[in-house]
Amino acid sequence: MKIILTLWSKNSHVMKTRYFLLFFLSIGLLHAQEKETPKGHYNYSKFRQITNLLPTPNEYRTASGAPGHAYYQNRANYKIKVELIDDEKQPKITGSETITYINNSPDQLDYIWIQLDQNKRAPNSFTDQVNDDGDNVMMRPGKFISQYTNSGYKGGYHITKVSDINGNKLPYTINFTMMRVDLPKPIKAGGQYNLKIDWWYDINNYPEDWGRSGYEHFDKDGNNLYIIAQFYPRVAVYNDVYGWQNLQFIKTGEFTLEFGNFDVEITTPADHVLDGTGVLLNRKEMMGKKQYGRYLKAKKSFDKPVMIITKEEAVANEKTKSTKKKTWKFRAENVRDFAFASSRKFLYDMMNVRLATKTALAVSLYPKEGEPLWSKQSTRAVAQTLKNYSKHLFDYPYHKAISVNAYRQGMEYPMICWNYGRPNENGEYTDRTRNGVIKVIVHEVGHNWFPMVINSDERQWTWMDEGFNTFMELLTEQDYEKQLGFPLNSRGLPKSVVPFMKGDQNKIHPIMINSDLMHNRSMTAYSKPTAGFYMLREVIMGRKLFDYALKTYANRWKFKHPTPADFFRTMEDASAMDLDWFWRGWFFTTRVNNMGIKNVEKFYLTDKPTERMRNMAKRYGMKVEDFPPYVSLVTENSKDFTPDMKSKKSFLSRAKTLKNFLDKNYSQKEQKNLKTPKYFYRISFEQKGELILPILIKITYKDGSTEMKKYPAKVWRYNDKEVSKLLPSNKEIVKIELDPDNLTADINQSNNTWPKQARETEFKKLKKQIQK
Ligand SMILES: [Zn+2]
């Protein structure tokens, strides 16, 4: 339906302003909309604050999202000695450690909980008991044999001693992956306790059981490549939010860890090459003169990696099979965990990276099977990640970041991570493999920020590390593409989550769900949060406000334990934007965005009085020429929608207001020539889904020019189903598209274009082409 608006006045033939129009439109048309607003609407407003969804702020965590004046976290320092027994039949780790547990909480602690993550692999583990076996058992022969035939690999910790510092035994109770150590007397607030634990376990063959660590065996040269993590009993977190962390390590919910200093000695066969978390204190002794010289050279190389161990040297090393041993000594400060990689097979390269306030080494370890791909891409990708993440968050706080090539792995630890991707046996690889290698390295190195330093609780909230990190990965890759000269096809753009969001609602969880409970981990904890952050940055907040707020969050919570509320609150606190509606819609619900253009009405101006106006003149005993400026609304077929003024008084009063406005702002001559804007469009938007988001439109004018327009989400605050905007324009509009780039994850784009025919015609054209 096209409506024609007639504007007529006694003195001048045409007068128009946007105020003028709104003034009269508000009388008749918009009033009808308010009536449609459901009763009790405000109680259910999608814009009400989310105070009921967040914990009450307190002295530990403030309402601003910053740590409070009484914020604390406990600490665990470790002195660890382990031996990696590179046994052909069954490799093992044996170890002993002294944990200094520091109780910074205001509470007295009667016992300490220790995490025994290796027990996930123990016979009849909690994981075995609670997993739905489905077809998985048959797909993993190794797992099947060990679980059901009482032979093969038997994982799990063998705890051989738990004692105090003097060797006095302490009672302990193991509950699957958790061990409670009962203390002779409680640790007082501010006190500390030294605890000694001895253990051993059989290392798992990780390509067989899909562990986050273990060994890979290479049949051709008879060597193992070890990626070792969760190899020591680790103190659980005690904090103001959950008390002692009490969720078992089942499968997907990763780790909840305290910061501490680590002194670690690792004994390996003498011909192994090893690197891990922390500063390698005896590097010179471990490397030998030649390699150490190359290491010094690498520290001066800021533009390309320097080979420390070449392919030829690694191949020669594969054959030595030394029976002697050597011990690697590490010191790591302020880390939440420790991991290392060791093998005879490693090639080794390094370069230095200049950050704003410091430098850090980018390092790679890979077997010859990773070549020729890894020497080209790995260390460079590490360097790029250090630069980009530092720019957006804070400078990488450690002295090195290592990328280790490991079969089908993508797993992160402080300063070291495991990454997949190898060429085929002939050294050939596809673009997809190459891109996969770059992407996984950016991602896993990126985890050094989330959660290694911004130390969120992974056992509870997967999105707090994976979501932020996948988003930062996306920004880094978008930057890196320019250097690489090829696209990396990043995940997490809003349009990429549409198929997931409009899928079976029985299989969709909101982002705010615990790690071990969600159906679709990749979408729920990685892609959807990333798309949300992308939307916040590009659509809702804008880059300047978003970047500042995210940086504020990162800096407030580095080397601390943030929770979701701390993030939600900080983003609002640092930007002066109320985002509660967004947190509710995107993070706490599975609502979808199905926005559409319902209707576009076009008005234009004419000086011909309408029939209704003439009637009104008659009614009030006036000539039509005596009227002050006035508006009439008529449709194309002359149906008259001119608002009916119920009394002469109200008509004259409104007309006078308008005349005063015009006289105040425009001279008589200007009023005569007041011909802009030429057109008015009233666009009605509808939301057929439940999700609130800003309205983005692209306008195409008759002259071919285009313009983007945005209306903030709060435009929906009185009616979240339908809203109209009036658009004055000097040029005729031929097309309006709602969110043409799909930055708002709209699940149905068929109602996003006006006029509808344009889309249908395009469709028909396409159909014809296909039929040809
Ligand atoms: Zn990740």
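Begin by selecting Glu 318: with a relative accessibility of 4%, this residue counts as buried. The model in the viewer is a predicted one. Glu 318 belongs to helix α8, which covers residues 311–318. Next, display the surroundings of Glu 318; leaving aside residues up to four places away in sequence, Glu 318 touches Asp 221, Asn 223, Arg 344, Lys 345 and Lys 368.

The charged end of Lys 345 sits over the ring of Phe 218, 4.2 Å from the ring's centre. A further stop of this kind is Arg 354, which lies over the face of Phe 302 at 3.9 Å from the ring centre.

The tour now turns to aromatic pairs, of which the structure holds 51. Select Tyr 60 and Tyr 72, an edge-to-face pair with 5.6 Å centre to centre and 85° between the planes. Tyr 60 and Tyr 72 each lie in the loop between α1 (18–36) and β2 (75–85), so the pair ties together parts that are 12 residues apart in sequence. Both Tyr 60 and Tyr 72 are buried.

Finally, move to Phe 471 and Phe 533. Their rings also form an edge-to-face aromatic pair, with 5.7 Å centre to centre and 70° between the planes. Colour the two helices involved: Phe 471 is in helix α11 (residues 463–484) and Phe 533 in helix α13 (residues 521–540), so this pair ties together parts that are 62 residues apart in sequence. Phe 471 and Phe 533 are both buried.

Technical notes: Residues are numbered from 1 along each chain as its sequence is written. This is a predicted model: local features need pLDDT of at least 70, side-chain atom pairs count only at pLDDT 80 or more; totals for chains, interfaces and linings use all residues. Side-chain values use heavy atoms; hydrogens and water are left out. Helices (H or I, at least four residues) and strands (E, at least two) are DSSP runs, numbered from the N terminus. Buried means under 20% relative accessible area, exposed over 50%, partly exposed in between (1.4 Å probe, protein chains only). Contact means heavy atoms within 4.5 Å. Rings of Phe, Tyr and Trp (its six-membered ring) pair if their centres lie within 6.5 Å; planes under 30 degrees apart count as stacked, over 60 as edge-to-face and the rest as tilted. A charge sits over a ring if NZ of Lys or CZ of Arg is within 6 Å of the ring centre and within 35 degrees of the ring normal.
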